[in-house]
Protein chains: 2
Amino acid sequence: MPTKRNRRVTISQVAEESGVARATAAFVISGRAEQLRISQQTIKRVQAVAKRLGYIPNQLARGMITGRTQVVGVILGGVWGKFGQYAIEGIREVLDAHGYTPFLTIHSWDEAREAREIDTLLRMRADGVIVMPQITSRKECYEPLFKQHVPVVFFGDVPFDIPEALVAAWDVRPAMRRLLEHLAGRGCRRIGLVGERFFKFSRQRYQVFTETIRELGLEHDPKWDTWAEVGDAEHPEWAQAIAAMPDRPDSIVALNDNSGLQMLDSLRRHGLRVPEDIRVAALGDTIETVEASAQLTAIREPVREIGRAAAALVLEAIRNPELPPTERLIDAADLVVRMSTG
Amino acid sequence: MPTKRNRRVTISQVAEESGVARATAAFVISGRAEQLRISQQTIKRVQAVAKRLGYIPNQLARGMITGRTQVVGVILGGVWGKFGQYAIEGIREVLDAHGYTPFLTIHSWDEAREAREIDTLLRMRADGVIVMPQITSRKECYEPLFKQHVPVVFFGDVPFDIPEALVAAWDVRPAMRRLLEHLAGRGCRRIGLVGERFFKFSRQRYQVFTETIRELGLEHDPKWDTWAEVGDAEHPEWAQAIAAMPDRPDSIVALNDNSGLQMLDSLRRHGLRVPEDIRVAALGDTIETVEASAQLTAIREPVREIGRAAAALVLEAIRNPELPPTERLIDAADLVVRMSTG
DNA sequence: CTGAAAGCGCTTACAG
DNA sequence: CTGAAAGCGCTTACAG
């Protein structure tokens, strides 16, 4: 018989080779040697042997014992655009500092896929999960995580049927104000809106929108609003009603850049010139569609910061299972002026 | 004392609740019930109980026993551009079909980061690794994987000091031919080149370039060539020499789109008009820099297909540790004509 | 510091 | 099918 393949160096071998007890070696390796008042000399020796033998701790075994894998699942939509990169970097920065590893997965904007990824993370016994929810996913999708008491932090937004959750997201109030002031500065007075109803925060953003309109003394008529009813579909017909209005708005605020880009496209199809006839500005600047977004005035979402907040929150929840529902809101209002507002 | 947190349902509980032996339950759950000639009735019962209890197998425990985690580490540069998305989708498609899970990590074009990610995958006992090597990384970086006999498949290219490896990459010969024929069709005769020396395949691409030049009866003078000596740095000075040449080339082929984009920029800085004075065309169309790449004629790299090949190869290597060094080359020559060739 | 021991949740031969 | 058992590699309390 050949020797068993993949036979790795174990802590027992390190102990034996060092001439110490297994417990001693284990304490040295896990960096808690002081607890046992182990001499510096012994520590050095064990460390040297571990290095020489190429010892690499088995996280599986560790996880079995401690009940902690030190892994946090991260479910993204996909790896398009800068959004994902910044989000990951922010998340990783914080997890790293606390000895946790992100386990990155991707739902590709597919509900079934998202459910599968969640199942995988559950089997892998991730200690917690950070998820950018798929736009049509509902509470049911995350139920398995809740049932197993795996802390879930929602990144950016929450399905609206999950009223209480751990959330790290953008505080859009300052951004909304900045956006509307920018439009007002361009002479706009009559402000319409375009957005997607699916998420809780999208709805809250609408409220922020109407409140800010009022504060700034601008006009808003709900009949100028356009709401997407389906997830990813395109909406070339959106601007049809707007184009036909005698008293149409002079500008449109988009609750996210995706709907802003689609509105931009739709306005043109229906013969409206941007920015001459109508201006468009969006919350969020994730640049999914590149050429188009180069034309859309928008406010950058502080993705990296939200990533950090999300990671910090999931770690808190891992440490304290009793942590109540929490919303961490990051404000930022970094305006990028482009063609769509002239 | 509170009950221990995170206490999950175990196979023993499923067995007990089903009134069968633990071994029986284990066989049913792992889908090998026939081996023990377990009755359909028992199978149904155990499955029903498992479902009712919300049993989720512990992959850690499984991995401990079998020596296989069913996890394949995937190390990408980052999640910018379409490249990553397509690569992941291709990889996942194949891994999924074989019961493996991709463990996605990102080196962010940082050598130290790449080494850390590798260490993490080693601790997690990934069964194999697919890596898009960081451009300046050398053999040393992957040594820990080799030492532990973890199969490594290089995606797209290999550091040049690793002569023998498992590789899934693009067969650029047909693409090169297509690109040069396209340039010839635009009246080009004198072809220069720009590229990065760091990788093995970049070097091979040069050979393919010169051979194809010869086959097509085109001209090439090595003094027209530009080689990047450093990784990610920008090279605004690149075109200086070219602009000054009395007998300069009428077109430049880039060995990847990044160097093509930089050359495009550099040519303009030095007063050359593209495509009037000089044309540029690239191998690879990963669209990292968006606005710029909208101008660069290029041939798409078959990233999704390479992903599939890479995944298939790593699975073979996991099954057969004796698998000799292998190169899986995918050919594709999907030309996208843009401004840079007029 | 040592040494023996229990136990994490599972797989897997083995005798019945 | 059952039942008892070994073992994967580790952590962790415990008596010395």
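1. A cavity, in the sense used in this note, is a set of grid points where a 1.4 Å probe fits but cannot get out, and the residues said to line it have an atom within 4 Å of such a point. With that in mind, and remembering that this is a predicted model, one can say that the lining of the largest cavity is made up of A:Phe103, A:Leu104, A:Thr105, A:Ile106 and A:Glu117 from chain A, together with B:Ile88, B:Arg92, B:Thr101, B:Pro102 and B:Leu104 from chain B.

2. The structure holds one cavity of 30 Å³ or more, and the space in the largest cavity comes to about 80 Å³. Three elements each supply at least two residues of its lining, namely strand E2 (101–106) of chain A, helix H5 (81–97) of chain B and strand E2 (101–106) of chain B. Of the elements that contribute, E2(A) gives the most, with four residues. When the lining residues are sorted by class, six are nonpolar, two are polar and two are charged.

3. In the contact between them, 51 residues of chain B meet 51 residues of chain A. The size of an interface is often given as the accessible area lost when the parts come together. For chain B and chain A this buried area is about 4800 Å², of which 56% is on carbon and sulfur atoms. On the side of chain B, the residues B:Arg8, B:Leu60 and B:Arg125 supply 16% of the area buried against chain A, which is more than any other three residues.

4. Side chains of opposite charge can pair when their charged atoms come close. Six salt bridges are found across the interface of chain B and chain A, and the pair A:Asp96 and B:Arg113 forms a salt bridge whose closest N and O atoms are 3.1 Å apart. Both of these residues also belong to a network of salt bridges that links A:Arg92, A:Asp96, B:Arg113, B:Arg116 and B:Glu117.

5. Over all chains the count comes to 36 salt bridges, and one of them, in chain A, joins A:Glu181 to A:Arg177, with the closest N and O atoms 3.2 Å apart.

6. In chain B, B:Asp334 forms a salt bridge with B:Arg300, the closest N and O atoms lying 3.2 Å apart. B:Asp334 belongs to strand E12 (residues 334–336) and B:Arg300 to strand E10 (residues 297–300), so this pair ties together parts of chain B that are 34 residues apart in sequence. Both partners are partly exposed, B:Asp334 at 40% relative accessibility and B:Arg300 with a relative accessible area of 34%.

Definitions and conventions
Residues numbered from 1 in each chain as written. Chains lettered and ligands numbered in written order. Predicted model: local features only at pLDDT ≥ 70, side-chain atom pairs only at ≥ 80, totals over all residues. Heavy atoms only, no water. 1 Å grid on protein atoms, 1.4 Å probe; cavity = no way out; pocket = protein on both sides within 12 Å on 5 of 7 lines; lining within 4 Å. Points joined across faces, edges and corners; volume = space filled by probe spheres on them. Nonpolar A, V, L, I, M, F, W, Y, C, P; charged D, E, K, R; others polar. Salt bridge = Lys/Arg side-chain N within 4 Å of Asp/Glu carboxyl O. Buried < 20%, exposed > 50% of the residue type's maximum accessible area, 1.4 Å probe, protein only. Contact = heavy atoms within 4.5 Å. Buried area = accessible area lost by both parts, 1.4 Å probe.
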